[in-house]
Amino acid sequence: MECDVLVIGCGPAGLSAAGYAARAGYNTLAIDSLAPGGQLLYIDEIENYPGTGKTSGYALAESFEKQAVSFGVRVEFWGAESIRKEGNQFIVKTNDDEVHAKAVIFASGARHRHLGCPGEEEYQGKGVSYCATCDGPFFKGRKIAVVGGGDTALTDALYLSKLGSEVHIIHRRTEFRGQKVLQDRVNEKDNIFLHLGLTVDEIRGDGKGVKSVRLSDGSELAVDAIFIFVGIIPNSELLEGFAELDHGFVITDNHMRTSVPGLFAAGDVRTTPFRQVVTAAGDGAAAAHSADEYIQNL
């Protein structure tokens with residue numbers, strides 16, 4: 001099939017880009033192998049997206065999609081498998097169809113980084129989790145460990161503190177990287193305990209579920225679940241050998257232009273110093289504007 005603008009990824013960056021492109025009059029297709037929303041679907045509560053007040057990640061994702069569709073965006077649950085460029089035409093093979101586009105906006109997002117310690121893979125889904133809102137309710141009244149020191153770790157630790165009897169934050173540094181307002185809220189919680197300057201060496205269980213974690217100082221902490229938030233890995237494999245990357249992140253300029261003319265990147269998958277829903281949406285808008293300029297000059 002043919003379109004003017006193909007958006008790969010339907011998180012905040014992708015849906016923002018698609019909406020702006022369609023509103024500018026372009027035949028726009030947005031594809032994603034998963035449900036629209038990206039990382040939003042794993043966030044229990046968002047309070048800092050401008051103009052919305054407190055809302056759930058799911059609700060915000062739904063509003064992004066509805067608005068994009070109202071502008072004429074076609075959304076398909078397709079996974080992109082390969083990309084090439086012939087002349088001024090991009091050809092993207094998906095698991096459903098081959099798409100020809102004048103411009104491509106790559107907004108595939110990122111996925112959770114794993115610890116790589118013994119027991120992590122064995123107990124995934126049995127107490128090891130990377131999504132507090134997905135699995136937190138299974139551990140009401142239980143002891144929970146959270147690994148990480150950024151915004152996501154602190155936000156989800158606060159959420160889990162409403163469910164668990166104890167929440168133990170384990171962070172390899174002696175100071176958190178997350179926003180001060182989140183640090184303050186964590187410090188105010190009576191059932192959140194800090195284990196700083198330590199790492200998780202092993203996750204232990206009884207074969208059925210997590211029972212404890214062994215820390216780098218040799219101590220063992222009894223917990224029933226461990227939630228891991230230690231960074232992200234960009235979903236950029238599709239662009240390897242096609243566009244310029246930096247440790248997997250797509251290199252762009254301030255106009256979201258990549259090393260390939262007509263290919264733009266937005267959101268968590270690109271090199272950027274700050275990754276938030278609002279910055280992803282802004283990236284998407286900028287990418288669509290740049291795609292507009294590019295197509296007009298073909």
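A pocket, as the word is used in these legends, is an open set of grid points where a 1.4 Å probe fits, with protein on both sides within 12 Å along at least five of seven lines. The structure shown in every view is a predicted model.

**View A. The second largest pocket and the residues that line it.** About 250 Å³ of space lies in this second largest pocket. Its lining is made up of 13 residues, and those closest to the pocket centre are S16, Y20, F64, Q67 and F71. Sorted by class, the lining of the second largest pocket comprises eight nonpolar, four polar and one charged residues. Helices α1 (12-23) and α2 (57-70) each contribute at least two residues to that lining.

**View B. The crossing of helices α1 and α2.** The axes of these two helices, α1 and α2, come within 9 Å and cross at roughly 20 degrees. Because angles under 35 degrees count as roughly parallel, α1 is described as roughly parallel to α2. The crossing of α1 and α2 is left-handed, and both helices also supply residues to the lining of the pocket in View A.

**View C. The hairpin of strands β4 and β5.** Strand β4 (residues 80-86) and strand β5 (residues 89-94) run antiparallel and are joined by six bridges. Within this pairing, I83 has V92 of β5 as its bridge partner. Two residues lie between the strands of the hairpin, where G87 takes a positive phi near 65 degrees.

How values were computed
Residues are numbered from 1 along each chain as its sequence is written. This is a predicted model: local features need pLDDT of at least 70, side-chain atom pairs count only at pLDDT 80 or more; totals for chains, interfaces and linings use all residues. Side-chain values use heavy atoms; hydrogens and water are left out. Two strands pair if DSSP finds at least two bridges between them. Helices (H or I, at least four residues) and strands (E, at least two) are DSSP runs, numbered from the N terminus. On a 1 Å grid over the protein atoms alone, a cavity is a set of points where a 1.4 Å probe fits but cannot get out, and a pocket is an open set with protein on both sides within 12 Å along at least five of seven lines; lining residues have an atom within 4 Å of a point. Grid points are joined across faces, edges and corners, and a volume is the space filled by probe spheres set on the points. Ala, Val, Leu, Ile, Met, Phe, Trp, Tyr, Cys and Pro count as nonpolar, Asp, Glu, Lys and Arg as charged, and the others, Gly among them, as polar. Axes are lines fitted to C-alpha atoms, for helices over the stretch in contact, and angles run from 0 to 180 degrees between N-to-C directions. Angles under 35 degrees count as roughly parallel, over 145 as roughly antiparallel, 65 to 115 as roughly perpendicular and the rest as oblique. A crossing is left-handed if the near helix is turned anticlockwise from the far one by less than a right angle, and right-handed if clockwise.
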